[in-house]
Amino acid sequence: MLPNPWDLGSAKVLASLGFEALATTSGGFAGTLGRLDGTVTKEEAIEHAAAITAGVDLPVSADLENGFADQPEAVAETLRMAVRAGLAGCSIEDFGPGRHEPIYPLALARDRVAAAAEVAHGGDFHFVLTARAENYLHGHPDLPDTIARLQAYQEAGADVLYAPALTRMADIKAVVSSVDRPVNVLALATVPSVAELAGIGVARISVGSGFARASLAALVDSAAELQSAGTYGFTAVAGRGAEAARRAFAVD
């Protein structure tokens, strides 16, 4: 289970709960800046990920969107920045926001992963590269194409394969059985349970911006209670949050 903190405080809380690794979330981080997903710069994303890496004693993987570039060499440079920042890994999408055809052609997408893998595996330690096939997340639910892409990314050197927004057990099982690398699944409301996914060979489950958005929903609910009812029921939950912060932020 790979939870996704959105700032250093949430990273420390998750670390204190016993998770073994963390991954940043582009949407969650953008929210801390008052922005929507896809509006963070490469420099902001790397700096954010480096701050989390420095603040917790756990491996951290970074959500680096499309590598903040279309061309393979530019993606490779983003990977070099990620390695220098002390990260343990990162994910690269095959979706280029703002493009006329936002899902990259397969040949270009494969070359982008190959360039990233060359950097990821060319240093003193094995930097874990996750390659993402974005079809289902962006309105193109084509399972054969998604599998073909993940197979191409495997051949190009990806360590982990990820097709976010797959929800049907049969589709997820088809992906797992079609590749020879660990498969990551995004936790969504209709996705099978952790135990069920483990039973078909899923290796990793992440939450994306789910925790960050749940925290915003709690804020909205608390504010609505104060505004509409004039009561303070939210303080009962706030007490649990304060205790979690005391445990996570305590200085030795």
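In which loop is the place of Glu 65? In this predicted model, in which local features need pLDDT of at least 70, side-chain atom pairs count only at pLDDT 80 or more, and totals for chains, interfaces and linings use all residues, Glu 65 is placed in the loop between β2 (60–63) and α4. Residues are numbered from 1 along each chain as its sequence is written, and side-chain values use heavy atoms, with hydrogens and water left out.

The protein has 10 helices and 7 strands, where helices (H or I, at least four residues) and strands (E, at least two) are DSSP runs, numbered from the N terminus. For 252 residues a compact globule would have a radius of gyration near 18 Å, and the 19 Å of the protein agrees with this; the radius is taken over C-alpha atoms, and the globule rule is 2.2 Å times the number of residues to the power 0.38. The C-alpha trace spans about 60 × 40 × 35 Å along its principal axes. Of the 252 residues, 45% are buried, a term that denotes under 20% relative accessible area, with exposed denoting over 50% and partly exposed what lies in between (1.4 Å probe, protein chains only). Among contacts (heavy atoms within 4.5 Å) between residues at least 6 apart in sequence, 61% join residues at least 24 apart.

Two residues other than glycine are described here by a positive phi. For Glu 65, phi is near 50°, a positive value in a residue other than glycine, and this residue is buried, with a relative accessible area of 7%. For Ala 165, which is found in the loop between β5 (160–162) and α7, phi is near 85°, again a positive value in a residue other than glycine, and at 16% relative accessibility Ala 165 counts as buried.

Helix α7 (residues 169–178) has as its buried residues Asp 171, Ile 172, Val 175 and Val 176. Seen down the axis of α7, these fall within an arc of 135°, so they line one face of the helix; the arc is that of the directions from the helix axis to the C-beta atoms. The elements against which the buried residues of α7 pack are α6 (143–155), β6 (183–186) and α8 (194–199).

Gly 86, in the loop between α4 (72–84) and β3 (89–93), is partly exposed, with a relative accessible area of 43%. Between Gly 86 and Leu 197 the separation is 111 residues in sequence and 31 Å in space, C-alpha to C-alpha.
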